[in-house]
Amino acid sequence: MNPTTALSDFLRTRRAGLRPEDVDLPDYGGRRRVAGLRREELAHLAGVSVDYYTRLEQGRVGNPSEAVLDAVARALRLAPDESGHLHRLARPAGRTRRRPAARQQPRPSLLRLLDRLDHVPAVVMGHRMDILAWNRAASAVFGDYGALPPEHRNIARITFLDPASRDLFADWATCARENVAFLHLEAGRRPDDPRLAELIGQLCLGSREFNTYWAEHPVADKTSGRKRFHHPVAGLLDLSYDTLRPADDPDQALITYTAEPGTPSDDALRLLLSWSASH
C-alpha cells in the first residue's frame, strides 16, 4: 500500500468525477481529451500553479502545506472523510515497517454490552473489519460466525468471497462499495499494516468486483445507515445500523442493527429471534 500511488489514484479519480458545470466553470464545448476536469482547471480552482498541482497529483511534492491541501479538497468538493484521507496520503507520518500484530481482542465492556442486547443483532468490528465478537441475534440474521475459521471472520472478506452474501444483502453492490470505502480509509491511516495489506491482496485476487471498486478509490467511514436483507427464514428485513466507538479505543466498534418499531421488519425480526432461540 504505497501512499504515493494511492495519492495519485485518489486525486485522478476525484478530478475525473467532476464536470466544469459542477464547479461553476464555463464549458466551451468540443470533445474533452480527459474525463472530468483538466489539471489546469483544478489548479485554477485551488489557486495553485498547474505545475505544482501536476507534481502534487504525481506524488512529487514532498511536504505540501495543509492550506494547499485544504484548497485542493475544496476544489474537488471532497467530503470530510475524503479530505482527511487526502491529508494523510499527502503528508504521511514517518513510516516504520510493522510486524504483524496479534488479532485484536474485544473490549470486556463491549462484550458485556453484547450479552445484554438479546433482541438487537450486534457485532464488535476491529479496524481491519474483523468480526471480533457477536451475539446470538447477529447469528440469527447473518449466520454462524463461529463456524468460520478466525482468519475468515471479516466483514469485507465475507461480502466479496462468500457467495451466500449476495443472496443475503438486498443491495449487495452498495454494501460492497461501502466496505471498500472503509478499507481505503484504513489503508490511508495504516499504510504499513501487513495484515491489512494481506487482506486487500486476497480480495484483489479473489474478486473482480473488489478490483473495480478499489480502482474507483471511494473513501468513507462506517457510521450509520440502512441495510436490507433477504433472509431465508424471516424474508425481507429493513434494518438501521449504528456504529458506536469507545472514545479511548476507536479501533473497535460496536455495530447494532435495529428495525423501526411497528414495521413489518420489526415483526419479522422478533419472530426470527424467537424461532432462533427455540432451535
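Start with strands S1 (residues 122–125) and S5 (residues 253–258), which are antiparallel and joined by four bridges. Strands pair here when DSSP finds at least two bridges between them. Strands and helices are DSSP runs, numbered from the N terminus: at least two residues of E for a strand, at least four of H or I for a helix. The model is predicted, so local features need pLDDT of at least 70 and side-chain atom pairs count only at pLDDT 80 or more, while totals for chains, interfaces and linings use all residues. Residues are numbered from 1 along each chain as its sequence is written, and side-chain values use heavy atoms, with hydrogens and water left out.

Which residues face each other across S1 and S5? Val123 has Ile255 of S5 as its bridge partner. Met125 is bridged to Ala253, also in S5. On to strand S4. S4 pairs with S5 over five bridges, in the antiparallel sense. There, Leu244 stands opposite Leu254 of S5.

Now take the whole sheet. Five strands make an open sheet, ordered S2-S1-S5-S4-S3, with antiparallel pairing. Strand S2 (131–134) and strand S3 (224–231) are the edges; each has a single partner strand, so one side of each is left without a neighbour in the sheet. From one strand to the next, the twist averages 30°. Helix H13 (residues 264–278) packs on this sheet and touches S3 and strand S4 (235–244). The direction of H13 makes about 90° with that of S4. Touching is contact, meaning heavy atoms within 4.5 Å. Angles run from 0 to 180 degrees between N-to-C directions, along axes fitted to C-alpha atoms, for helices over the stretch in contact. As a general point, strands of a sheet pair through backbone hydrogen bonds, either parallel or antiparallel.

Return to S5. Five of its six residues are buried, so S5 is largely enclosed by the rest of the structure. Buried means under 20% relative accessible area, exposed means over 50%, and partly exposed lies in between (1.4 Å probe, protein chains only). Tyr257 is buried, with a relative accessible area of 7%.

The whole structure contains 10 aromatic pairs. In Phe142 and Tyr257, the ring centres are 5.0 Å apart and the planes stand at 65°, so this pair is edge-to-face. Phe142 belongs to helix H7 (residues 136–142) and Tyr257 to strand S5, so the pair ties together parts that are 115 residues apart in sequence. Both Phe142 and Tyr257 are buried. Tyr257 also pairs with Tyr241; that pair is tilted, at 6.2 Å centre to centre and 40° between the planes. The pair links distant parts of the chain, with Tyr241 in strand S4 and Tyr257 in strand S5, 16 residues apart. The pairing rule takes rings of Phe, Tyr and Trp (its six-membered ring) whose centres lie within 6.5 Å; planes under 30 degrees apart are stacked, over 60 edge-to-face, and the rest tilted.

Which residues form the cluster? Phe142, Phe169, Phe229, Tyr241 and Tyr257 belong to one aromatic cluster. Tyr241 is buried, at 6% relative accessible area. The charged end of Lys222 sits over the Tyr241 ring, 4.8 Å from its centre. Arg166 does likewise with Trp172: its charged end sits over the ring, 4.0 Å from the centre. Such a charge has NZ of Lys or CZ of Arg within 6 Å of the ring centre and within 35 degrees of the ring normal.

Next, the cysteines. The structure has zero disulfides. Cys175 is in none; the nearest cysteine sulfur, that of Cys204, lies 20 Å away. A disulfide would need a pair of cysteine sulfur atoms within 2.5 Å. Cys175 is buried, at 7% relative accessibility. Cys204 is partly exposed, with a relative accessible area of 24%.

Finally, look at two backbone angles. Most residues other than glycine have a negative phi. Arg77 has a positive phi of about 60° although it is not a glycine. Arg77 sits in the loop between helix H4 (66–75) and helix H5 (80–90), and is partly exposed at 44% relative accessible area. Met129 is not a glycine either, and has a positive phi of about 75°. Is Met129 buried or exposed? Met129 lies in the loop between S1 and S2, and counts as buried at 0% relative accessibility.
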